Amino acid sequence: PSSGYGAYTVSGSGTLVYRSAPSLEGRALTWVTRDGLETPVPLTPRAFSTPRVSPDGTRLAFAVAASGRRDIWTYEVGTQTLVRLTHEGDNKAPTWSRDGRRLAFSSTRDGSPAIWLQPADGSGPPEAIVSGEEVIVPASWSPDGRTLVYVHEGAGNAGSRSAVIEVSGDRRPQQLFPDETRGPAVSPDGRWIAFTATDSRFVEVVVSAFPSSGTRHQI
């Protein structure tokens, strides 16, 4: 659905050979140290995706697929408490605010792609902050928690575009770069933004000034 890619071929006699998409069921979350030591998270295996660690390292946020849709859950490491935050629509890509109090996530609960914002402890209802015709996914917050960088996942040959919105301001989306970019991440001090950029041959990691983009430095 996201790329239109299909792994199949047909012989001259009409025999179809294809590869099915792998199932997400039975996935397990695992802590991995820098030297490769793995420690499983004590959760029942299920269709996990997009796990994210909170800024203070005490909680996880992730999406779980079931019955044809996904929901956002949080898990408190110390108490092993599991909390479900969403109950409608298809939800994915939870992204912690820098203070750990809020989660931005992508959802289609109103029938169209949008980014929603919700207290991470579930104490308040979700709020749509930006919507669009394409799939839009939150990517990174500014250190002061006022600005959210997100990605338009373009269909077909449209490519992906990075944009920014002032969550605590007028909430007018502004495109960051004119060309295809993915995976934007704001630096801890808020002065830089790193992303992947695609030219005709390669995908490269690039750094630029933030919030006003300037000279690019290829990493």
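1. Val207 is buried, at 18% relative accessibility. The call rests on a cut-off: buried means under 20% relative accessible area, so 18% qualifies. Note that this is a predicted model.

2. Val207 sits in strand E19, residues 203–209. Its contacts, leaving out residues up to four places away in sequence, are Trp192, Ile193, Ala194, Thr215, Arg216, His217 and Ile219.

3. The largest nonpolar core holds twelve residues. They are Ala104, Ile115, Leu117, Ile129, Val130, Ile136, Trp141, Leu148, Tyr150, Ala163, Ile165 and Val167. Five strands each supply at least two residues of this core: E11 (114–119), E12 (127–131), E13 (135–141), E14 (147–153) and E15 (160–166).

4. Ile129 is one of the core residues. Beyond four places in sequence, Ile129 touches Ile115, Leu117, Leu148, Ile165 and Val167, and also Arg171.

5. Is Ser97 buried or exposed? Ser97 is buried, because its relative accessible area is 1%, and the cut-off is under 20%. Its place is in a loop, between strand E9 (91–96) and strand E10 (102–107).

6. What does Ser97 touch, not counting residues up to four places away in sequence? The contacts of Ser97 are Pro55, Arg102 and Trp141. Trp141 is also a member of the largest nonpolar core.

Technical notes. Residues are numbered from 1 along each chain as its sequence is written. This is a predicted model: local features need pLDDT of at least 70, side-chain atom pairs count only at pLDDT 80 or more; totals for chains, interfaces and linings use all residues. Side-chain values use heavy atoms; hydrogens and water are left out. A nonpolar core is a set of buried Ala, Val, Leu, Ile, Met, Phe, Trp, Tyr and Cys residues joined through side-chain atoms within 4.5 Å. Buried means under 20% relative accessible area, exposed over 50%, partly exposed in between (1.4 Å probe, protein chains only). Helices (H or I, at least four residues) and strands (E, at least two) are DSSP runs, numbered from the N terminus. Contact means heavy atoms within 4.5 Å.
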